[in-house]
Amino acid sequence: MRLLLFGCSGFVGEELVPRLLSKGHQIILVSRHLKKASKEIQGGSNFKRITLDPSQSGSWNEEKLLNALETSEGIINLAGEPIAEKRWSKEHCEKIRTSRVNTTKFLVNAMTKAKIKSKVLINASAIGYYGTSQEKKFNEESSSGDDFLAMLCKEWEEVADKKPRRTRLVKIRIGIVIGPHGGALKKMLPIFKAGLGGPIGNGRQWMSWIQRTDLCRIIELALERTSWNGAINAVAPMPVQMIEFSQNLGTCLGRPSLLNVPGPLLKLLLGDGAKVVLEGQYVTSKKLSSLNFEFKYPDLYNALISSTK
């Protein structure tokens, strides 16, 4: 397929783009930061780059982007400012929102105006859609929450829902992504390797996670299989509590995991964003089960082993 990719120049795209190229897909990658992120990708004539910011309306006047859209058969949109890397100031929350909602809004508008409509749109969302809870369990049939991330995900998905009528839409609600050299482990590994790691807060909050390879496989199948539609929770079948995650990571690294990270310290560092980490959420996927998706990494220990080698 001829594919147009947004937000695929980072941690997930590092594995996703080469995977799609190996399957013979033709890719045009759109991102604000291409030189650093995609310099190692070798795709020959099947791989091209466009450097611009898709969350800015002016970018959608660029002829090269509109031409790429007109010729694309499938679109993958994973664009979005990182959520857990900075304190949630009012300014940063607005960046988190506009990077997702504006990019998707401008993309959908351009798709609607295009003479040739793409067959499928794979649009990212997040399990933050359900809100946080230490007691409730969520799947694709659960209603949305009412905190900042939940409202953001709901708005994000509603914008994607306005895609052209004949374009198939798959909304991938992504859990905590685990993989080599990035994702949830990027900041944790140095701390754990130094023997200073441990559960955050009381350790009882749930983590709904997915190994990066399985996430890329889900995106790939969503492109290829016309029976895949609507919202899909991209999470492994066995969520774990934070204390179990810490113990597994410590075991993989041969290091203790005894020191708790106090909740008040995390709140000081992340502000309101600490709520996501301190409260967590138990999310599973009825959809992937009904679609007979087979995980390569269904259990946390093997997912961590593959990501910490």
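**Group meeting: a walk through the predicted model**

Asn292 is exposed, with a relative accessible area of 62%. The cut-offs are these: buried means under 20% relative accessible area, exposed means over 50%, and partly exposed is in between, with a 1.4 Å probe and protein chains only. Asn292 sits in the loop between helix H11 (286-290) and helix H12 (300-307). Helices (H or I, at least four residues) and strands (E, at least two) are DSSP runs, numbered from the N terminus. Asn292 is not a glycine, yet its phi is positive, about 60 degrees.

A word on the source. This is a predicted model, with residues numbered from 1 along each chain as its sequence is written. Local features need pLDDT of at least 70, side-chain atom pairs count only at pLDDT 80 or more, totals for chains, interfaces and linings use all residues, and side-chain values use heavy atoms, with hydrogens and water left out.

Now the overall picture. The protein chain has 12 helices and 14 strands. Of its 309 residues, 55% are buried. Next, contacts, meaning heavy atoms within 4.5 Å. Take contacts between residues at least 6 apart in sequence: 78% of them join residues at least 24 apart.

On to a helix pair. How do H4 and H5 lie relative to each other? They are roughly parallel. Helix H4 covers residues 90-113 and helix H5 covers residues 148-160. They pack at an angle of about 10 degrees, and their axes are 8 Å apart. Axes here are lines fitted to C-alpha atoms, for helices over the stretch in contact, and angles run from 0 to 180 degrees between N-to-C directions. Under 35 degrees counts as roughly parallel, over 145 as roughly antiparallel, 65 to 115 as roughly perpendicular, and the rest as oblique.

Which residues meet? From H4, we have Cys93, Ile96, Arg97, Arg100, Val101, Thr104, Lys105 and Val108. From H5, we have Phe148, Leu152, Glu155, Trp156, Val159 and Ala160. By class, that contact has 9 nonpolar, 1 polar and 4 charged residues. For the classes, Ala, Val, Leu, Ile, Met, Phe, Trp, Tyr, Cys and Pro count as nonpolar, Asp, Glu, Lys and Arg as charged, and the others, Gly among them, as polar.

Look at Thr104 in helix H4. Buried or exposed? Thr104 is buried, at a relative accessible area of 0%. Its side chain reaches the backbone oxygen of Arg100 at 2.8 Å. Setting aside residues up to four places away in sequence, Thr104 touches Asn77, Asn123, Trp156, Val159 and Ala160.

Thr167 is another threonine to look at, in the loop between H5 and strand S7 (168-174). Thr167 is buried, with a relative accessible area of 1%. A polar atom of the Thr167 side chain lies 2.7 Å from the backbone oxygen of Ser118. Beyond its neighbours within four places in sequence, Thr167 is in contact with Met111, Lys117, Ser118, Lys119, Val120 and Leu121.

Next, helix H3, residues 63-71. Its residues Leu65, Ala68 and Leu69 are buried. They cover an arc of only 100 degrees around the axis, which puts them on the same side of H3. That arc is taken from the directions from the helix axis to the C-beta atoms. What covers them? The cover includes strand S1 (2-6), strand S2 (26-31), strand S3 (47-51), strand S4 (74-77) and H4.

Two loop residues now. Leu78 is in the loop between S4 and H4. Leu78 is buried, at 16% relative accessible area. Leu78 and Asn123 are 45 residues apart along the chain, with C-alpha atoms separated by 6.4 Å. Not counting residues up to four places away, Leu78 touches Phe6, Gly7, Cys8, Val12, Leu16, Ala124 and Ile219.

Gly145 is in the loop between strand S6 (137-138) and H5. Gly145 counts as buried, at 16% relative accessibility. Its C-alpha is 4.2 Å from that of Gly131, 14 residues apart along the chain. Leaving aside neighbours within four places in sequence, Gly145 is in contact with Tyr129, Tyr130, Gly131, Ala150 and Met151.

Last stop, Ile243 in helix H8, residues 242-253. Ile243 counts as partly exposed, at 38% relative accessibility. How far is Ile243 from Gly201 in space? The two are 9.4 Å apart, C-alpha to C-alpha, and 42 residues apart in sequence.

Key
Polar contact = N/O pair within 3.5 Å; in protein donor to acceptor, adjacent residues only side chain to side chain.
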